[in-house]
Amino acid sequence: MEFQVTNSPFNQEQVELLNRLLPTLSETQRIWLNGYLAATQGSAVSATAGAATGSPVVTLAANAPVISKEVTVLFGSQTGKSQGLAKKVTKKLEDSGFQVTLSSMADFKPNNLKKVQNLLVLVSTHGEGDPPDNAISFHEFLHSKRAPQLEDLRYSVLSLGDTSYEFFCQTGKDFDNRLAELGGKLLTPRVDCDVDFDEPAGEWISAVLGSLNQASSASVAVSAVDHAGESAAESEFSRTNPFQAEVLENLNLNGRGSDRETRHLEISLEGSNLQYEPGDCLGIYPENHPRLVEELIGAMGWKSDELVTINKNGEKRSLQDALLRNYEITVLTKPLLEQVVKLTSNSGLQELLAAGREQDLKSYLVGRDLLDLVQDYALKGVSSAEFVGILRKMPARLYSIASSFKSFPDEVHVTVRTVRYEAQGRERYGVCSVQLAERIQAGDALPVYIQNNPNFKLPENPETPIIMIGPGTGVAPFRAFLGEREELGAEGKSWLFYGDQHFSTDFLYQVEWQKWLKNGVLTRMDVAFSRDTDQKVYVQHRMLEKSAELYKWLQEGACVYVCGDEKKMAHDVHATLAAIIEQEGSFSPEEAAEYLTRMQQQKRYQRDVY
């Protein structure tokens, strides 16, 4: 709609200003403006009515809805991203005079929900559309018959996800839909964030503030956008401002003859003021393989040195440099294909995206990259400027930290398995893992930051027993756990279950485990090498063999930690834990499941799975 003097209450100058402004607004800016106007219209109408009739303004204002200054912020987070954003929005709200209750969903008492008037939900989606561990119980409650009607609730959802997964941001969508079903009213519409979440998350914070804050000016919301990406850490370096860290060591942990290559990197943090705790992750911004970049440029008929714009600030780089460092080109997603169709009107892609072809689309996306797409659908002819404009920014890769800061001050260690495979007749590479294996040497620099993970932490009491289950590179954080316990002189028992393919070539950090077993930092260790016997033996089999002792540790209050592959290992280990509890505790399957749920709620069962 175009405003005119004849179809609106505005004068000519206002009409011209509105017609210039409104077409330039993004969807999020429109949302914020709607919220701001809705929040302020009650007092504005009251003031106007009072002036016109001579009635006391306070009498009319009393009829306007009163906005509570109390806000509840709930987060569900697996790696700590949602929790970090929850802390940021909490600070912004408190700075604006709101009284904020910040809580993980696991710690929030569901029965208190009916007392909440303003609710902000920040949640990630885990695995195939599942809620993160500390959101499971709240998610189940909300979708149960016990959930109360929430007619007095106003809410908004910020959902974190990854468009390369089929069920993108599904948990956030679940919460949004269910809260609406229970009678809740939107403060602002849900915002779904891809892996590059800083800007949309900042805009969501702005929209929330605009809707909640009936008295403050627009400068409050603008402040939220400007600073939403700032790190709460003392260091100036963060996800949006990574530290260029020098690589000190880059070693292959596997022995000669192994089918695997696992890199151990020691990286200097000197001068960064970055610190971490065991259980945290290191984010590394990788570079795409130069060969893939060259082949893509050639397939599209582009020139390597042509300049393209890489951000909203108008910064330009050569196409080759931009594809190498700034954009993700190894993962295909449905949203990307939809953008390509808008650019090209390619009939073949339109057919692939058509209703009824969902399974064909899903199959096509698996194991293919941008080069496959442009070759399979003959996309040559699209300009590089248009094409890079629809690509996702290069996401950082997160690796569980394998060192204790107390043991190695100003250093951080990571354990990375190199990924190489063949698909559709072409060699494929893990973007970061192959860069680290083939193109990074001691003395080189990597852009890094610390991703705090409050949901995978050693128990506060150093005397608490711990059980650690980490096959393959999943053992990395447990090297940090034991290094920390050694430095603290912790006296609590510790038990490690570790597995890989071959004892002789794939026993990662074997010498260190033996040292810790000898000096008592590690109480016991059970290993499973799946290719050394006729029958494949995995960590869950070792757990079953020791079921009576393991259950005894649980009864003594032991905390259980699981790290590694989410799709298979973590599910098998969870099922094995339930079976052990059922068998050794003489519980029903339902009682065993409740036992594990209580352990999660008590933070005695924590997982770092991927």
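What covers the buried residues of α9?

1. The cover of α9 includes α10 (319-325), α14 (370-376), α15 (384-388) and β15 (426-429), where contact is taken as heavy atoms within 4.5 Å; helices (H or I, at least four residues) and strands (E, at least two) are DSSP runs, numbered from the N terminus.

2. This is a predicted model, in which local features need pLDDT of at least 70 and side-chain atom pairs count only at pLDDT 80 or more, while totals for chains, interfaces and linings use all residues. Residues are numbered from 1 along each chain as its sequence is written, and side-chain values use heavy atoms, with hydrogens and water left out.

3. In helix α9 (residues 290-300), Leu 292, Val 293, Leu 296, Ile 297 and Met 300 are buried, that is, under 20% relative accessible area (1.4 Å probe, protein chains only). Seen down the axis of α9, these buried residues fall within an arc of 135°, so they line one face of the helix; the arc is that of the directions from the helix axis to the C-beta atoms. Just after α9, Gly 301 takes a positive phi of about 75°.

4. An open sheet of five strands runs in the order β19-β18-β17-β20-β21 with parallel pairing, two strands being paired if DSSP finds at least two bridges between them. At the edges stand β19 (524-529) and β21 (605-609), each with a single partner strand, so one side of each lacks a neighbour in the sheet. Strand β18 (residues 494-500) pairs with β19 in the parallel sense over six bridges, and Tyr 498 stands opposite Val 527 in β19.

Note on methods. Buried < 20%, exposed > 50% of the residue type's maximum accessible area, 1.4 Å probe, protein only.
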